[in-house]
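Open the model in your viewer and follow the stops below. Each one says what to select and what is there.

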Amino acid sequence: MSASPAGSRRPENAGAGFTASPQLARALQQIVVDLVELHLQGKQAHWNVIGHNFRDLHLQLDQIVDEARESADVVAERMRALSAIPDGRSDTVAANTTLPAFPEGELSVSTVVDLITARLHATVDTVRTHHDQVDNEDPATADLLHTIIDSLEKHAWMVSAENRSL
């Protein structure tokens, strides 16, 4: 047994840690699913974008793909830390994503900019939809979501600027 700051002793099992409720686990699972789907759609766009400024967007898509993959990993590992079980299998992702399907084939730079911007915003919407519930139950996990929102919104701004003009 270890002594608490007040000097009282806690039982051995008192240090088992926080466990996610089923609602928290479902919220985080949806976020993982949409981040995995963003990663996959970003890679599809990366492989099939063509046209003026192809190379710049091609490289920027790799940054988005890496960010989505790393964010999915962070949330999934947080789920495991909270005794929840993430599911990133392709059939689970395909059946549960809230992101719209990505078109097949070659796509122009301007089309990909619009498609990826929409997917970034959709993923942020998923995170924001679940944020308050997550924050009420586990502020530490909500802090992770803040970082993800900030990063994805920055990517959305930077990608969407490609199609903007004065």
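**Stop one: helix α4**

Select residues 109–137, helix α4. At 1.5 Å a residue its 29 residues should span 42 Å, and the end C-alpha atoms are 42 Å apart, so the two agree. The expected span is 1.5 Å times one less than the number of residues. Now go to His 131, where α4 bends by about 45°. That bend is the angle between axes fitted to the seven residues ending there and the seven starting there.

This is a predicted model: local features need pLDDT of at least 70, side-chain atom pairs count only at pLDDT 80 or more, and totals for chains, interfaces and linings use all residues. Residues are numbered from 1 along each chain as its sequence is written, and side-chain values use heavy atoms, without hydrogens or water.

**Stop two: Thr 92**

Select residues 90–96, helix α3, and find Thr 92 there. Is Thr 92 buried or exposed? Thr 92 counts as buried because its relative accessibility is 11% (buried is under 20%, exposed over 50%, partly exposed in between, with a 1.4 Å probe and protein chains only). Next, show Gln 29, Val 33 and Asp 87: leaving aside neighbours within four places in sequence, Thr 92 is in contact with these (heavy atoms within 4.5 Å). Val 33 is 59 residues from Thr 92 along the chain, yet their C-alpha atoms are separated by 7.7 Å.

**Stop three: the whole chain**

Zoom out. The C-alpha atoms fill a box of roughly 70 × 35 × 25 Å, taken along the principal axes. Of the 166 residues, 42% count as buried.

Technical notes. Helix = DSSP H or I, 4+ residues; strand = E, 2+ residues; numbered from the N terminus.
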